[in-house]
Amino acid sequence: MSAPPRPGSGGRLPLLLPAPPGGIMLDMRLSARADYALRAAIELAAASGGSHVTADQLAKTQGIPGKFLEAILTQLRRGGLVRSQRGPDGGFWLARPASEISLADIIRAIDGPLVGVRGERPENLGYIGAAEPLQTVWIALRANERAILEDVTLEHIVSGHLPESVVKLADDPRAWV
């Protein structure tokens with residue numbers, strides 16, 4: 001289970017990205033809601049034979065507050081990532097194969113677009129003077145984030161076989177500090 005959000009972090013959990021060759025560490029934020037959504041989706045992907053999993057089972061397995069999880073599952077259902085059925089045989093299951101659902105799909109369904117600056121897409125920002133190149137940095141950051149989150153699927157997580165590019169980045173000792 002991941003650590004709770006840090007005080008003053010706006011309910012967002014730190015997600016440390018590996019340091020690029022220049023040694024700069026990027027500290028992005030992943031909301032608690034997105035973290036819970038990822039964990040719930042992974043549990044659904046791990047369910048054997050595509051059986052239904054109840055919200056209560058997901059909440060207990062991953063230590064997610066029940067009411068919070070229900071709202072998250074509703075968002076994932078509206079995003080076309082999970083399906084649900086009510087009744088005694090009810091529960092939740094993935095709407096598509098785990099190999100077709102990326103981590104980026106889940107984060108976008110919960111939090112919207114990946115990298116944003118002050119709620120704006122980087123390409124819509126305008127900087128002037130000495131700060132002008134900053135827009136290029138934000139666009140590059142989004143490209144790096146996409147390169148990882150769009151390539152890693154629920155199947156990769158459940159199987160424990162991450163893409164080689166992700167393993168290579170995580171094997172760099174600078175990624176862990």
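Student: What is the handedness of the crossing of helix 1 and helix 4?

Tutor: The crossing of helix 1 and helix 4 is right-handed. Keep in mind that this is a predicted model.

Student: Which residues make that contact?

Tutor: Helix 1 brings Arg33, Ala34, Ala37, Leu38 and Ala41. Helix 4 brings Leu103, Ile106, Ile107, Ile110 and Asp111. Sort them by class. The contact of helix 1 with helix 4 has 8 nonpolar residues, 2 charged residues and no polar ones.

Student: How do I describe two packed helices?

Tutor: Two packed helices are described by the angle between their axes and the distance between the axes. Now take the case here. Helix 1 covers residues 32-46, and helix 4 covers residues 103-111. They pack at an angle of about 135°. Their axes are 9 Å apart.

Student: Let me try another pair. At what angle do helix 2 and helix 3 pack?

Tutor: At about 120°, with the axes of helix 2 and helix 3 10 Å apart. Helix 2 and helix 3 are therefore oblique to each other. Their crossing is right-handed.

Student: Which residues of helix 2 and helix 3 meet?

Tutor: Ala55, Leu58 and Ala59 sit on the helix 2 side. Gly66, Leu69 and Leu73 sit on the helix 3 side. By class, the contact of helix 2 with helix 3 has 5 nonpolar residues, 1 polar and no charged.

Student: Let me step back to the whole chain. How many helices and strands are there?

Tutor: The chain has 7 helices and 4 strands. Read them along the sequence. The pattern is β-β-α-α-α-β-β-α-α-α-α.

Student: What share of the chain is buried?

Tutor: Of the 177 residues, 34% count as buried. Look at contacts as well. Take those between residues at least 6 apart in sequence. Of these, 51% join residues at least 24 apart.

Student: How many residues are in the largest nonpolar core?

Tutor: The largest nonpolar core has 35 residues. Leu76, Leu94, Ile106 and Leu154 have the most contacts inside it. Five elements are listed as giving two or more residues to this core: helix 1, helix 2 (55-62), helix 3 (66-78), strand 4 (91-94) and helix 4. Helix 1 gives the largest share, 8 residues.

Student: Which residues does leucine 76 contact?

Tutor: Leave aside its neighbours within four places in sequence. Leucine 76 is then in contact with Ala37, Leu81, Val82, Ile106, Ala109 and Ile110. Among them, Ala37 belongs to the helix 1 side of the contact with helix 4, and Ile106 and Ile110 to the helix 4 side.

Student: Now a loop. Is serine 102 buried or exposed?

Tutor: Serine 102 lies in the loop between strand 4 and helix 4. Its relative accessible area is 6%. Buried means under 20%, so serine 102 is buried. Beyond neighbours within four places in sequence, serine 102 is in contact with Leu149, Glu150, Val152 and Thr153.

Student: And what is the relative accessibility of alanine 170?

Tutor: It is 31% for alanine 170. That value falls between the 20% and 50% cut-offs, so alanine 170 counts as partly exposed. Alanine 170 lies in helix 7, residues 164-171. Leaving aside neighbours within four places in sequence, alanine 170 is in contact with Ala175 and Trp176.

Technical notes
Residues numbered from 1 in each chain as written. Predicted model: local features only at pLDDT ≥ 70, side-chain atom pairs only at ≥ 80, totals over all residues. Heavy atoms only, no water. Axes fitted to C-alpha atoms, helices over the stretch in contact; angles between N-to-C directions. Left-handed = near helix turned anticlockwise from the far one by under 90°. Contact = heavy atoms within 4.5 Å. Nonpolar A, V, L, I, M, F, W, Y, C, P; charged D, E, K, R; others polar. Core = buried A, V, L, I, M, F, W, Y, C linked by side-chain atoms within 4.5 Å. Buried < 20%, exposed > 50% of the residue type's maximum accessible area, 1.4 Å probe, protein only. Parallel < 35°, antiparallel > 145°, perpendicular 65-115°, else oblique.
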